[in-house]
Amino acid sequence: MPPRKLHIKSYGCQMNVYDAQRMADALAPEGYVETASAEDADLVILNTCHIREKASEKVYSELGRLRAAKDQAARDGRGMSVVVAGCVAQAEGEEIIRRAPVVDVVVGPQSYHHLPELLARAKAAGRALETEFPVADKFGFLPQPSRQAIRARGISAFVTVQEGCDKFCTFCVVPYTRGAEVSRPVAKIAEDVQRLADNGVREITLIGQNVNAYHGEGPDGRPWPFGKLLYRLAEIPGIVRLRYSTSHPRDVEDSLIDAHRHLDALMPFVHLPVQSGSDRILAAMNRRHSASDYRRVIDRFRHARQDIAFSSDFIVGFPGETEEDFAATLALVGQIGYAAAYSFKYSPRPGTPAAELREAVSTADMDARLERLQKLIDSQQSAFNRTALGRTIDVLFERAGRKPGQIAGRTPYLQPAHVEASDAIIGQVLPVTVASLERYSLFGTLASIPASPAPLAPGEAQFQTTAGV
Ligand code: SAH
Ligand code: SF4
Ligand code: F3S
């Protein structure tokens, strides 16, 4: 039988990227091989994101295009199955099939291991849908998610440590689409990391909606905090870099700070979303931390590792946000000094408490605020990147670059870096002296001397005086 062609299109966060690989691995024994185009695929999976309206609506325009491709496939005498997975599948369920009859299977993030079975069911019955969440037992415990590890696909890989979120920020759909927080046991995660390392992976990014809420079962039968898990994983031979995403400012325990102080493999670059710099808005968002709580958390990290840098997420135009609130956000960004950050216009999501709030900020105000914030973030990012010029920085080389003879990798701060070298350096961490900067990418030469200590993040000096801790 010729191999069947599978095309997966993913939207949204790193968890979806990981899940796409997991689905591909689950379908490989059924003879599915991945293909780059949807048109000639036998099976197309849209792995969707529900976080903002724009993300959700993309699914329906994509399904419109797929209808034409499916009709063409039928005329060519071959079939095409269409699956909607991910957070829109979880949130909208059957509604998707009603709106887009082209869809054969709707599957929520907790049910991907049933995909082969769901495809068979759809073949027999026309349609299949599964968006159940695991049910808690009589003691209120949720079953551990049965996530088989993905196969190694290069030098860097994701590993899920927890899934779901119990925070219920008032703007956010994640607690509804990914369910309650569930942590995987330490031994399972260590096993996955070990296997990936044995297959050539050198860098692991631990992922979850809220990784530092981690409290998975340790080998001693007790729940382990996230920092302790990092210590365990740093022992695994072959793993030279550890990262994690996303973390919540409220769950930064001392064990995590301590891991940053002591583990060389733990990269000094932390994504720590704050959303707003206004205490009034933070309270309305149910973030359960103030701007100064956040500054204190940043300060604890910086005391543990002076070369640490941060990225963040921001929402502008949350209902009721005034110019004064927004000014507090700009002030916070100025105080922290980010190496990078993402900012979004508030998007009301069905079913979330904030969607009920009045006092919407006008589109014009939102646009203007987003532009001002992004300008400030961009200038910080450029300043941060410029501090790399002339320095020698460790780069983990991952793949051939775009130009022949070029090898590409990343710095500890995830900046893309390129050198001219043989591909024998792929998989190694080597010092690179940075000669030039092109947009966000660094270019340089392999250095014979070890890397110099990394630069301070912009704004740090200012931050230390304002925080006064
Ligand atoms: N778990 C992470 C990230 C969740 S989603 C955290 O705790 O921060 C990623 C980002 O999308 C969020 O940090 C937030 O900035 C943004 N986001 C979430 N819901 C949104 C909404 N309704 N409108 C606009 N942006 C939103
Ligand atoms: Fe959403 Fe808040 Fe949970 Fe992050 S912490 S996933 S923003 S509810
Ligand atoms: Fe989107 Fe779901 Fe991730 S809503 S951001 S794909 S958890």
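I take helices as DSSP runs of H or I with at least four residues and strands as runs of E with at least two, numbered from the N terminus. The expected span of a helix is 1.5 Å times one less than its number of residues.

The model is predicted, and local features need pLDDT of at least 70, side-chain atom pairs pLDDT 80 or more, while totals for chains, interfaces and linings use all residues. Residues are numbered from 1 along each chain as its sequence is written.

**Helix H1**

I looked up H1, residues 14–27: its 14 residues should span 20 Å, and the end C-alpha atoms are 20 Å apart, which agrees. I then checked burial (under 20% relative accessible area, 1.4 Å probe, protein chains only). Because 10 of the 14 residues are buried, H1 is largely enclosed by the rest of the structure. Among the buried residues I noted Met-15, Asn-16, Tyr-18 and Leu-27.

**Ligand 3**

I listed the residues around ligand 3 (a heavy atom within 4 Å). They include Cys-13, Asn-16, Cys-49, Cys-87 and Arg-178.

**Ligand 1**

I found 15 residues around ligand 1, with Phe-171, Gln-209, Gln-275, Asp-313 and Ser-347 the closest. I then searched for pairs of N or O atoms within 3.5 Å. A side-chain N or O atom of Gln-275 is 2.7 Å from an oxygen atom of ligand 1. Asp-313 also places a polar side-chain atom 2.7 Å from an oxygen atom of this ligand. For Ser-347, I recorded a polar backbone atom 2.8 Å from a nitrogen atom of ligand 1. Strands E13 (309–316) and E14 (340–345) are the elements that give two or more residues to this shell.

How values were computed
Chains lettered and ligands numbered in written order. Heavy atoms only, no water. Buried < 20%, exposed > 50% of the residue type's maximum accessible area, 1.4 Å probe, protein only. Polar contact = N/O pair within 3.5 Å; in protein donor to acceptor, adjacent residues only side chain to side chain.
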